[in-house]
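Hi,

Here is the structure I promised to pass on. Have a look at it first, and then read my notes below.

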Amino acid sequence: MTSLFDLTGKRALVTGGGRGLGLGMATGLAEAGAKVVIIGSSAAAEKSAQALREKGLDVTGLRGDLSDREGLSALFDQAVDLLGGGIDILLNNAGVQRRNHCEDFTLEDWDTVLNMNLTTVFILCQLAGRKMLAQGSGKIINMASMLSFFGGFTVPAYAASKGGVAQLTKALSNEWAERNIQVNAIAPGYMDTEMNTALVNDAGRNAEILGRIPAHRWGKPEGMKGLAVFLASSASDYITGAVIPVDGGYLAK
Ligand SMILES: NC(=O)c1ccc[n+]([C@@H]2O[C@H](COP(=O)([O-])OP(=O)(O)OC[C@H]3O[C@@H](n4cnc5c(N)ncnc54)[C@H](O)[C@@H]3O)[C@@H](O)[C@H]2O)c1
């Protein structure tokens with residue numbers, strides 16, 4: 001690890017870091033030297049953190065409900081305390097998915113997805129951003145999606161939320177760039193995680209998706225490490241407001 005990508009002494013919060021892509025990226029940040037707190041809704045956050053600690057990495061798990069707007073500020077403060085009182089890197093990874101045809105999509109599902117994937121992301125950006133503005137530096141990484149660019153099928157709330165994440169990333173970047181806070185988004189392609197179990201198990205959709213990906217394979221959580229470390233490190237200090245795909249070439253086709 002060259003000093004350009006070294007995260008030693010940096011304090012990172014990764015939401016939804018107990019499994020899937022968040023776990024892959026939290027591992028990458030910790031391997032690069034960061035002290036990491038992962039927040040998750042289940043015991044997986046604590047279990048995954050424990051497993052990483054056993055490998056010598058500085059990772060703490062915190063269980064909490066990020067969709068609870070009232071409790072979010074207190075949960076964030078708890079995470080910052082565990083990080084030792086400050087935050088240098090916020091990785092807004094946690095997200096949810098609901099599938100149904102547009103005409104049948106319930107408002108309850110709509111609210112669940114928009115609240116978690118967009119409103120929670122905005123609130124955490126505000127909470128972390130205030131601290132980063134005060135200290136004069138910071139890195140915020142949001143999780144966008146291919147559905148920040150495309151509309152998809154049967155996922156109207158998810159597509160709307162991820163389109164929103166891309167635009168929110170640019171809006172925050174515009175205001176905070178001159179104050180040395182870089183705000184970027186990662187847009188994963190098709191990743192083999194629990195969120196996509198339904199697609200992976202649907203032979204027809206699976207073949208369709210693989211046929212559209214130039215790399216001809218689903219992505220894996222480990223494949224997210226490189227960009228996460230890059231966007232969290234000083235190597236990316238002049239990159240902000242970008243939405244960067246990690247997609248095996250999908251967008252380019
Ligand atoms: N898997 C993909 O193909 C893909 C593609 C594009 C974007 N993404 C995005 O990447 C991110 C991670 O996706 P994933 O596939 O690893 O998902 P996942 O379902 O495997 O993991 C989601 C994580 O979010 C956490 N989470 C969800 N709701 C929460 C809540 N209310 N409180 C606390 N934690 C909560 C879960 O605990 C879990 O750790 C999401 O934002 C997703 O939209 C995924």
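First, a term: I call it a salt bridge when a side-chain nitrogen of Lys or Arg lies within 4 Å of a carboxyl oxygen of Asp or Glu. Searching the whole structure turns up seven salt bridges. One of them pairs Asp-88 with Arg-11, with 2.9 Å between the closest N and O atoms. That pair ties together distant parts of the chain, 77 residues apart: Asp-88 sits in the loop between helix H3 (72-82) and strand S4 (89-92), and Arg-11 in strand S1 (residues 11-15). Helices (H or I, at least four residues) and strands (E, at least two) are DSSP runs, numbered from the N terminus.

Some background: this is a predicted model, where local features need pLDDT of at least 70 and side-chain atom pairs pLDDT 80 or more, while totals for chains, interfaces and linings use all residues. Residues are numbered from 1 along each chain as its sequence is written, and side-chain values use heavy atoms, leaving out hydrogens and water.

Now the ligand. There are 27 residues around it (a heavy atom within 4 Å), and Arg-19, Asn-93, Tyr-158, Thr-193 and Asn-196 come nearest. As for polar contacts (N or O pairs within 3.5 Å), a polar side-chain atom of Thr-193 is 2.4 Å from a ligand oxygen, and a side-chain N or O atom of Asn-196 is 2.6 Å from a ligand oxygen. Gly-16 uses a polar backbone atom, 3.3 Å from an oxygen of the ligand. The protein buries 93% of the 830 Å² that the ligand exposes when taken alone (Shrake-Rupley, 1.4 Å probe). Helix H1 (20-31) and helix H5 (156-176) are the elements that give two or more residues to the shell.

Finally, look at helix H4 (residues 107-135). After H4 comes Gly-136, with a positive phi near 85°.

Cheers

Technical notes:
Polar contact = N/O pair within 3.5 Å; in protein donor to acceptor, adjacent residues only side chain to side chain.
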